[in-house]
Amino acid sequence: MMKVKDKVFLALDFETTGLNPEFGDRIIEIAAIPIYNTKINFKYAFHTLVNPRIFIPAEVSKFHKLNNQDISNAPSLLEVFPRFKEYVGDSIIVSHNVKMDLRFLDIAAKESGMFSIDNYYIDTLEISRYYFDKGPYNLEFLSKKFNLGIKQFHRAWDDALSTAKLFQKYIKLFSFEAITNFIKKWGD
């Protein structure tokens, strides 16, 4: 396996038009925050709104507070995905419920005429369920439980930051080596 200590971990989160990319839901916001040597590096973060070229349902807008006007002048996924894929590079993706995020990336890649990512990843939701018998396991609850200092949720930047801080907290609680045992490869 790769030398994990030398890798960039990339905490990422998306906001979307719904929960089912296979049935037409699409990404409307992307945030990614790099973690190197267990430290967050905001200087190299990635954040953008995305115009999905479909309407955001009102019931979904209530959840993340993004509406059709907010994304009307945002770049399309065809413009954003190639830049984002290059940005991700060979980093190890860190996400809370990573398989949902990676399913959205697979669809984005297909629609962009590109191969999907096949990065290694680590899921903070899986780690939470492994180490703690009782939930809830959502980011808001865990952020408050560990006093991560996040006040807002359900926007890509806030949730990516919460994921990054949760990842750091788990490294402190359980050790870098223990946490990196959860690394898997997407597509395997």
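## Two crossing helices

Axes are lines fitted to C-alpha atoms, for helices over the stretch in contact, and angles run from 0 to 180 degrees between N-to-C directions. Helices (H or I, at least four residues) and strands (E, at least two) are DSSP runs, numbered from the N terminus. This is a predicted model: local features need pLDDT of at least 70, side-chain atom pairs count only at pLDDT 80 or more, and totals for chains, interfaces and linings use all residues. Residues are numbered from 1 along each chain as its sequence is written, and side-chain values use heavy atoms, with hydrogens and water left out.

How do α3 and α4 cross? The axes of α3 (residues 77-88) and α4 (residues 98-111) come within 9 Å and cross at roughly 110 degrees. The two helices are therefore roughly perpendicular (65 to 115 degrees). On α3, the contact (heavy atoms within 4.5 Å) uses L77, L78, F81 and F84; on α4, it uses L105, A108, A109 and E111.

## The nonpolar cores

A nonpolar core is a set of buried Ala, Val, Leu, Ile, Met, Phe, Trp, Tyr and Cys residues joined through side-chain atoms within 4.5 Å. Buried means under 20% relative accessible area, exposed over 50%, and partly exposed in between (1.4 Å probe, protein chains only). The largest core has 31 residues. Those with the most contacts inside it are F9, I122, F146, L166, F167, Y170 and I179. Helix α7 gives the largest share, eight residues. Another core, of 23 residues, lies apart from it; L10, V50, F104 and L105 are among its members.

Take F146. Leaving aside neighbours within four places in sequence, F146 touches F132, L166, K169, Y170 and L173.

V4 sits in the segment before β1. Is V4 buried or exposed? V4 is buried, at 15% relative accessible area. Beyond neighbours within four places in sequence, V4 is in contact with F9, I92, F176, T180 and I183. V4 and I183 are 179 residues apart in sequence, yet 9.5 Å apart in space, C-alpha to C-alpha.

Most residues other than glycine have a negative phi, and most peptide bonds are trans.

- The peptide bond from G135 to P136 is cis, with omega near 5 degrees. P136 lies in the loop between α5 and α6.
- K65 has phi near 65 degrees, a positive value. K65 is in the loop between α1 and α2 and is exposed, at 61%.
- H154 has phi near 70 degrees, also positive. H154 is in the loop between α6 and α7 and is partly exposed, at 26%.

Methods:
Angles under 35 degrees count as roughly parallel, over 145 as roughly antiparallel, 65 to 115 as roughly perpendicular and the rest as oblique.
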